[in-house]
Amino acid sequence: MSIALLFSEIVAGAGTIGNASDAYSTGLSSVWANWGMTLGCILFLVSVARFYRAVGVAKGAMSIPQAYYFMFDTKTRMALMFIVVIAYTMIFSTQAKAAASIVAPLLGADATLMAWVITALFILVTVTGGISGIAWMNVVHSVVMYVGMALVCIMSVVSVGGFEGLAANLPADHFNFMYPSIPTTIAYALGTAISFLAASTVTNVSFSAKTFKTSKRAILASGILVMPFALMPALMGLSARVAMPGIAPDSALFAMANSLGSVFGGIVSMAILAAIWSTAPALLLVICTSLTKDLYKGIIKRDASDKSQMRFSRIMAVVVGAAGTTLGLSVPSILGQMLGAFQIRSVVGIVLVAAIVWKRVSPNAAFWSIIS
């Protein structure tokens, strides 16, 4: 269960579409967005997994801000909250745009209009508490994504003449895993990896798995599963560049699958939409919960009732949902937006590792490091 939940969150639909989109435009270097997550799983295990498990067992922490409160102090917890809100809003902002890139062609509708309709649905699901089945949905869509994407990937490459056809029709840069440069690729990969030190996906497993051993196995297995999966949308993006050189990059994944037949288009659409549907409301819920518990009740109104907190959370869902989609529609690259969010979130992880290995890191030092 933990493996399926982790894998499905790590390779969320927006990232998969963004992978194919960037592969269409620039080549196989797009896989590093996902491969950086594999590195992140390994880095998490060797550096902070034991800390999160210990603070969960000893102090009852069940979230990253709570863990940082016990490690540092209240103001550091608040600094972390703003980092979480900014980073997760950026990641959320990619979800409606990604879903619209699939739904709009199916319905013959305007992509921007569909993005707003989908955002309204995300907000509705979040504020009505209709995501109780999200765990099993993640298990189902993990299987569908892996098997379905593997099948459609193979068919896509075969349809353009195999790897020989790709090599003959694409520039050499498209097969350079370090494009546009080695330093840039390393920076993105490490930024993504370090960001996992403060990612709710892996910390939740550390907090809630039955044993520490179970959590370690699940995190490692999920990271390993991501590596071959990342190649699937990338190769589909390359195939789309050969078969349909004039399309919009964000539509490459669906367009390539649909060109093979409606069945293949349906498989990819079902997998990606299931991933987005289970991920986006969860992201929005993380943001709203953090703003409600850490800002509203923690600072603004300490005696806030449950009803008052619920009202504030629902208002934040509308505000953040609208702001996120506005942001997402204005950026040219879905994958670039996600990578930017990972770079921001990595700040928090660096501070935590420094505090674990160096006892002189005080709460003041942690706070001003994060703010700086």
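Me: Which helix has the lowest confidence in the protein chain, and which the highest?
Reply: This is a predicted model, and confidence in the protein chain is lowest in helix α1 (residues 2-10), with a mean of 75. The highest is in helix α9 (residues 162-169), at 95.

Me: And what is the mean pLDDT of the protein chain?
Reply: The mean pLDDT is 86, and 96% of the residues reach 70 or more.

Me: Okay, on to charges. How many salt bridges does a search of the whole structure find?
Reply: The search finds 2 salt bridges. As background, side chains of opposite charge can pair when their charged atoms come close.

Me: Which residue does D73 pair with?
Reply: D73 forms a salt bridge with K75, and their closest N and O atoms are 2.7 Å apart.

Me: Are those two buried or partly exposed?
Reply: D73 counts as buried because its relative accessibility is 18%, under the 20% cut-off. K75 is partly exposed, with a relative accessible area of 31%.

Me: Which residue does K97 form a salt bridge with?
Reply: The partner of K97 is D250, with 3.8 Å between the closest N and O atoms. This pair links distant parts of the chain, 153 residues apart: K97 sits in helix α6 (residues 74-107), and D250 in the loop between α12 and α13 (252-259).

Me: Is K97 buried or exposed, and what about D250?
Reply: K97 is buried, and D250 is buried too.

Me: Now the surface. Which residues gather in the patch of positive charge?
Reply: That patch brings together R50, K213, K216 and R217. Helix α12 (residues 212-243) provides the largest share, 3 residues.

Me: Where is K216, and is it buried or partly exposed?
Reply: K216 lies in helix α12. With a relative accessibility of 32%, K216 counts as partly exposed.

Me: What makes up the nonpolar surface patch?
Reply: L113, V117, L121, L124 and W277 make that patch, which covers about 440 Å². Helix α7 (residues 111-128) gives the most, with 4 residues.

Me: Where is L121 found, and why does it count as partly exposed?
Reply: L121 is in helix α7. Its relative accessible area is 38%, so L121 counts as partly exposed.

Me: Changing topic: which residues does the cis peptide bond join?
Reply: The cis peptide bond joins Y179 and P180, with omega at about 5 degrees. P180 is in the loop between α9 and α10.

Me: Where is H174, and is it buried or exposed?
Reply: H174 is placed in the loop between α9 and α10 (182-195). H174 is buried, its relative accessible area being 5%.

Me: How many residues separate H174 and T26 in sequence, and what is the distance in space?
Reply: In sequence, H174 and T26 are 148 residues apart, while C-alpha to C-alpha they are 5.7 Å apart in space.

Conventions: Residues numbered from 1 in each chain as written. Predicted model: local features only at pLDDT ≥ 70, side-chain atom pairs only at ≥ 80, totals over all residues. Heavy atoms only, no water. Patch = residues over 30% accessible without salt bridge, like charges linked within 9 Å, V, L, I, M, F, W, Y side chains within 5 Å. Areas by Shrake-Rupley, 256 points an atom, 1.4 Å probe, with all protein chains shown as cover. Salt bridge = Lys/Arg side-chain N within 4 Å of Asp/Glu carboxyl O. Lys, Arg positive; Asp, Glu negative; His and termini not counted. Charge placed at Lys NZ, Arg CZ, Asp CG, Glu CD. Helix = DSSP H or I, 4+ residues; strand = E, 2+ residues; numbered from the N terminus. Buried < 20%, exposed > 50% of the residue type's maximum accessible area, 1.4 Å probe, protein only. pLDDT = per-residue confidence, 0-100.
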